[in-house]
Amino acid sequence: MGELCRVAVLQIHGGDGDGADIIFNFNGQRIAVSIFPSSSTRDRNQPSTQDRLIHLLGRAASDDVDDDEYEELEDQILGVILDAGRPIFKAEAKLRMKLNSARDLHSTIYPATLHFQLLDTCGKAVIVPIEPNEAYTLPAWESGYDSAEDDELGIDTTLPCYSTKAILTVEMFAQGGGHAASRVLVDGNDMFCKALGGTGGLIGTSVGRELECLQEVRKFPPPERDTLIRIPQLLGYVRHTDTDRVVGFLREWVPGRRLRDMDVPATPVQRRQKWIRQIREAVHALHARGIIWGDGKASNVVIDERDDAWLIDFGGGRTDGWVDAEMADTVEGDEQAISKIGEFLEVHQV
């Protein structure tokens, strides 16, 4: 089934017998197919396609299914759905791609979903379009924002806020599951944006952690903030167009190259020594104020157009080969990352 390689399943809902659905990306378009129990009495001894798929989806959504069984169930389910819906899915995906050539942030983290229903007509599976409010699982993007979240996130009311629909995505670096990290255009200015869609907000997420760190960096005295520690400054907040919930942040865009992409052997040692010194000074300045870099590595350092080293990505966590698991999100982990970056740069550290 060659078409499966172009499909990525995002969610499966089911399990109580009253219906089920599957949400997946098809050629870049988000598709949701709802299935409801058959009302046909055509052959009680032969389950309809609808009832069979509801059973398979319920099994796939259960907690006790292992990876091998899940993959087999997924192949069976998608095989039926794609055989019935491939032509209409292809046509809709092409149309949406043409219409969305210039995408705003809202459409990236809250992607438009095309809703369909699978029916069994005389033993043949048929896909028909439906309205979102007719789907098995109703959209949940607009649920539960509490303004107390702003207080918990420590939102700085002196900074501007921008609607998700007022931010134009220029270059995407990471995307998936409602998460986006991208270079964006805001009021004609280049900025970097991290945002997280969904219904849970930023509290307890990597995007929320980075936002809190950048807010703390903003409190540094200007001389130190502007010269000693090269960390992109927080420029504003991203709010959901309709709910007003904070779903992301905007910071300075730093033109340059990731340290991991530099030709280290061809770079004079004096430049490499300067970079590791700047990295070390910035990290130690953060530690002095109780801030942990987290996930320190060469790909989270940018060398700007003036040949200075900037720290980026304060989402926390770790990467194998740079920080040991037991040292994740600790001062010791940051120190280990500095040492590893020094090894990467092939410089002696004092």
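Which residues does I341 touch, not counting residues up to four places away in sequence? In this predicted model, the answer is L259, I276, I279, W293, K297, A298, V301 and W322, where contact means heavy atoms within 4.5 Å. Residues are numbered from 1 along each chain as its sequence is written, and side-chain values use heavy atoms, with hydrogens and water left out. Local features need pLDDT of at least 70 and side-chain atom pairs count only at pLDDT 80 or more, while totals for chains, interfaces and linings use all residues.

I341 is also among the residues with the most contacts inside the largest nonpolar core, together with L259, I279, V301 and L311. A nonpolar core is a set of buried Ala, Val, Leu, Ile, Met, Phe, Trp, Tyr and Cys residues joined through side-chain atoms within 4.5 Å; buried means under 20% relative accessible area, exposed over 50%, and partly exposed in between (1.4 Å probe, protein chains only). This core has 42 residues. Elements that give two or more residues to this core include α5 (206–217), β11 (246–252) and α8 (331–345), and α7 gives the most, with 7 residues. Helices (H or I, at least four residues) and strands (E, at least two) are DSSP runs, numbered from the N terminus. At least three residues of the core come from each of domain 2 (147–252) and domain 3 (256–345). A second, separate core holds 27 residues, including I31, A60, L78 and A125.

Turning to the overall layout, the chain is divided into domain 1 (7–138), domain 2 (147–252) and domain 3 (256–345), with bounds that come from an automatic or database domain assignment. The centres of domain 1 and domain 3, taken over C-alpha atoms, are separated by 44 Å.

Strands β2 (residues 20–26) and β3 (residues 29–35) run antiparallel and are joined by 7 bridges, with A20 opposite I35. Axes are lines fitted to C-alpha atoms, for helices over the stretch in contact, and angles run from 0 to 180 degrees between N-to-C directions.

Another open sheet, also of mixed pairing, has 6 strands in the order β6-β10-β11-β9-β8-β7. Its edge strands, β6 (161–163) and β7 (168–176), each pair on one side only. Strand β9 (residues 189–196) pairs with β11 in the antiparallel sense over 5 bridges, and M191 has E252 as its bridge partner. Helix α5 lies across β8 (179–186), β9, β10 and β11, running at about 45° to β11.

The structure also holds 7 aromatic pairs. Rings of Phe, Tyr and Trp (its six-membered ring) pair if their centres lie within 6.5 Å; planes under 30 degrees apart count as stacked, over 60 as edge-to-face and the rest as tilted. F24 and F89 form an edge-to-face pair, 5.9 Å centre to centre with 70° between the planes. F24 lies in strand β2 and F89 in helix α2 (residues 67–99), so the pair ties together parts 65 residues apart in sequence.

Note on methods: Pairing = 2+ DSSP bridges.
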